[in-house]
Amino acid sequence: MKKNLTKTQFPFVTLKYAQTLDGKIATQKGDSKWISNKKSLVFAHKLRSQNQSILVGIGTIREDDPQLTTRLVKGKNPVRIILDSKLSIRLSSKVLKKNPERTIIATTNLASEKKIKKLVNLGAKVLVVKKKNKRVDLCDLLKKLKKQKIDSVLVEGGAGVITSFLKERLFSRIVIIIAPKIFGKGKNSVDESRIKRSFKAFLFSSKKIYKLGNDLVFDGILANAKHSSKTKN
Ligand SMILES: NC(=O)c1ccc[n+]([C@@H]2O[C@H](COP(=O)([O-])OP(=O)(O)OC[C@H]3O[C@@H](n4cnc5c(N)ncnc54)[C@H](OP(=O)(O)O)[C@@H]3O)[C@@H](O)[C@H]2O)c1
């Protein structure tokens, strides 16, 4: 059956990440903290405060154990969404420590009931969505988030998640911070091993390119998004 994704079915999705000149989002050891500068970090927190939710994959939670807050700016902390198909999240993760009721773990029926209960007991929300290739089905997740009145999602990574959102063209805005660094080895922002064919070109209806200190920012609104939602700026 042909999918009929209407304007209102999905939240507005912004894909945002920081990379080096050679396209790395983390060092070989998985460290991404030192890619962008302080101004870019403040900008990233401002972006978070402008979105109702922020989404990352379980790889990022495992590697960085981030708080996913807006602590560098004034503004409300967004709801955190973690993609975790098998519920492997550690109960000691920071996103489960402070305001766990503002953390949604998106999982699938591969998760155990026992772990679901443990997370719910901690106060977190567990959202079971459809599976696609044994992972969280992003279309189903976005529809469910919209039904929960989440109108905007800031997707922050890591590589696996960025690749999925690019592959499925499930975003309307993309913000890429490019730091004047070259890592050589490291984690690529796009996981080529999961790309069978080149992407159909992404065209932008509007784009801004500017500097934040020594970092460059590309901020574009997709012209040919698979789904479109109200333009946000
Ligand atoms: N520079 C930046 O802007 C930035 C931002 C964030 C992170 N990072 C870096 O990125 C690295 C982590 O990247 P990563 O690729 O290892 O992990 P990731 O993208 O954070 O998480 C990937 C994992 O999420 C789960 N997942 C569930 N549904 C998914 C779906 N539909 N599509 C994709 N993933 C799905 C999968 O695990 P399950 O199958 O177990 O569910 C998958 O292995 C870290 O080194 C971190 O520092 C950099």
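## Residues around the ligand

In this predicted model, the shell around the ligand is made up of ten nonpolar, ten polar and seven charged residues. The shell counts 27 residues, and those that come nearest to the ligand are A18, T60, S85, G160 and S164.

The ligand taken alone would expose 930 Å², of which the protein buries 88%.

## Elements that supply the shell

Two or more residues of the shell come from each of the strands β1 (12-20), β2 (24-26), β8 (135-136) and β9 (152-157), and likewise from α2 (58-64) and α5 (159-167). Of these elements, α2 gives the most, with five residues in the shell around the ligand.

## Helix α5

Besides giving residues to the shell, α5 is itself mostly covered, with seven of its nine residues buried. These buried residues are A159, V161, I162, T163, S164, F165 and L166; S164 is also among the residues that come nearest to the ligand. Just after α5, R169 takes a positive phi of about 50°.

## Q19 in strand β1

Q19 is found in strand β1, which is one of the elements that give two or more residues to the ligand shell. Is Q19 buried or exposed? Because its relative accessibility is 14%, and the cut-off for a buried residue is under 20%, Q19 counts as buried.

Once its neighbours within four places in sequence are left aside, Q19 is in contact with K24, I25, I35, I176, I177, I178, A179 and S189.

## The β12–β13 hairpin

Strand β12, which covers residues 204-212, pairs in the antiparallel sense with strand β13, residues 215-222, over eight bridges. Within this pairing, S206 has I221 of β13 as its bridge partner. The hairpin has two residues between the strands, and G213 takes a positive phi near 60° there.

How values were computed:
Residues numbered from 1 in each chain as written. Predicted model: local features only at pLDDT ≥ 70, side-chain atom pairs only at ≥ 80, totals over all residues. Heavy atoms only, no water. Near = heavy atom within 4 Å. Areas by Shrake-Rupley, 256 points an atom, 1.4 Å probe, with all protein chains shown as cover. Helix = DSSP H or I, 4+ residues; strand = E, 2+ residues; numbered from the N terminus. Nonpolar A, V, L, I, M, F, W, Y, C, P; charged D, E, K, R; others polar. Buried < 20%, exposed > 50% of the residue type's maximum accessible area, 1.4 Å probe, protein only. Pairing = 2+ DSSP bridges. Contact = heavy atoms within 4.5 Å.
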